[in-house]
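Dear colleague,

My notes on it follow directly after.

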Amino acid sequence: RVPAKITSFGGLVLRPWRRSVSLPCHVVGAPQPRREWLRDDRPLQISTGHNIQLMESGEVVISGLQRADSDNYTCHAENNIGSDSIYYTLVVQVPPSAPVLYVTSATSSSILLHWKAGDNGNAAITAYTLNYRRAHADLEELTLSRRTTSYELKGLMCGSTYHIYLSTHNRLGSSPPSPTLSVRTQGQYPSVPPASTFLTPNSSSVMLRLHVWPDNGCPLLYFVVRYRPVNNPEWILVSNNLKPQRRFVMTGLLPSSEYQLQVEAHNIAGSSTGEYTFYTLTKDGDLPPPELVRRGQLGKPFYTDFRVLLPLLVATLGILGAASAFLLCRKTRRERRPVKETLDNQQNAEAQRERYYATIHKVALQANSDKIPETSEDISPYATFQLADPNNTLLHSFMYHEQAMTEGCASPPPPGVRYPNPPSSKSRRARRRSSRKTDAETDESDSEGDQLTSSRTESSNQLDANKARQSQYFIYHGAQSSTSSDISPMSEQ
């Protein structure tokens, strides 16, 4: 009988990530010992599909190593006589984690950086990589020693923004980059000096003291100089690349004149523009008279003042818009008015025509029982009549028109056709007297006799007048083949 013993040896096991590792556990003893694997003093969980497998020989195989597989593994063997155990410490090596980067200080041309290394991934750090770039420029890279914990970037642009990040390396790979820092070097675009310190006019020139122009920590690169007489809209270019110097004299000016000067100063951080108004001295070297200064101030055109030009422009646009809207409304009303008037005239004409024929109908019923048309639609457009010749049995017709035909539109009738003579004034007066008499006899039984007599009399007069006029507006159509036996009213007359 032999107590249980393990013939394998444990210890520290280093393996890179994504690889495999085998932990052996060979046992001897009689009777045959029982074997058990523990992970951190707890039974090792082995299941199908997991990256940990237990082989028949008793060894444990772990594939696809990850950082989480790093732990203490124990193999324990035991029988009735004794027991034994061995221990493994598995360390999975991975790439390092990102370092912590921060800025210590910055000047107009340098930035001082410090950092702290993160987790080395169970492997020694081999190097650092510092990446930086100026805004809108290309990326630059520096490789630093593994023992370095700070670095100063030098030779940078004044008043510029730089984006910086750091990476760590070991033999397994590189860390993710640190959070990007945006750092601006000291300095900014130039300021504008006052005219009292910058300009010194003379009678025919002006001196510019360029050395008093503030650079705000960034050296000036060049100047752009222009000028113009105060009433001249065109600028005169003196130089577009004037190098920094102590003084610059601009000549060719007129005495006792007002000028405008424009100077642009450029440095690496940007540019600034100063505009000045000055007067040259007289020929004798004296200051310009006060009235010239006042006249120059009052002589400026009003349209050069933006505070006056903007309200004037807005008011003009408003007036134009209101005028356009008024004309559009007026045009719309004018287009609608003729249509409405035409419809009203048609309705009034129809109403008058209906009243007229209704009046004729009432008057005619008092005189005889012949049928008189009640409306304009009841009138036949053709009036038939028979010629005076007894041997001619053909019927002829006239077309009735409510309005007079224009001259020359109707063709003349053939020879031998006679128009019925219009009734004379005596016959019309006799007919009116007869009508009054008949109306008077009829109105004895009517409670409203006076009013009916008046309306009938006026209708009769209008009918006689219309017949006299309409007799001139018939158009002769010649012989017709109609076999109608009706006798037209014209033939009865």
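Does S160 count as buried or exposed? The model is a predicted one, and in it S160 has a relative accessibility of 6%, so this residue counts as buried. Its place is the loop that runs between β15 (150-153) and β16 (161-170). Leaving aside residues up to four places away in sequence, S160 touches R134, V183, R184 and T185.

I then turned to the salt bridges, of which the count comes to 3.

One of them joins R39 and D71, with the closest N and O atoms 3.1 Å apart. R39 belongs to strand β5 (residues 34-39) and D71 to strand β9 (residues 71-78), so this pair ties together parts that are 32 residues apart in sequence. D71 counts as partly exposed, at 22% relative accessibility.

Another salt bridge is formed by the side chains of D119 and R67, at 2.7 Å from N to O. This pair links distant parts of the chain, 52 residues apart: D119 is in the loop between β12 (111-116) and β13 (125-134), and R67 in the loop between β8 (60-62) and β9. D119 is partly exposed, with a relative accessible area of 34%; for R67 the value is 34%, and R67 is likewise partly exposed.

E264 and R226 also meet through their side chains in a salt bridge, at 3.3 Å from N to O. Since E264 lies in strand β24 (residues 258-267) and R226 in strand β21 (residues 220-229), the pair ties together parts 38 residues apart in sequence. E264 counts as buried at 19% relative accessibility, whereas R226, with a relative accessible area of 22%, is partly exposed.

With kind regards

Methods. Residues are numbered from 1 along each chain as its sequence is written. This is a predicted model: local features need pLDDT of at least 70, side-chain atom pairs count only at pLDDT 80 or more; totals for chains, interfaces and linings use all residues. Side-chain values use heavy atoms; hydrogens and water are left out. Helices (H or I, at least four residues) and strands (E, at least two) are DSSP runs, numbered from the N terminus. Buried means under 20% relative accessible area, exposed over 50%, partly exposed in between (1.4 Å probe, protein chains only). Contact means heavy atoms within 4.5 Å. A salt bridge is a side-chain nitrogen of Lys or Arg within 4 Å of a carboxyl oxygen of Asp or Glu.
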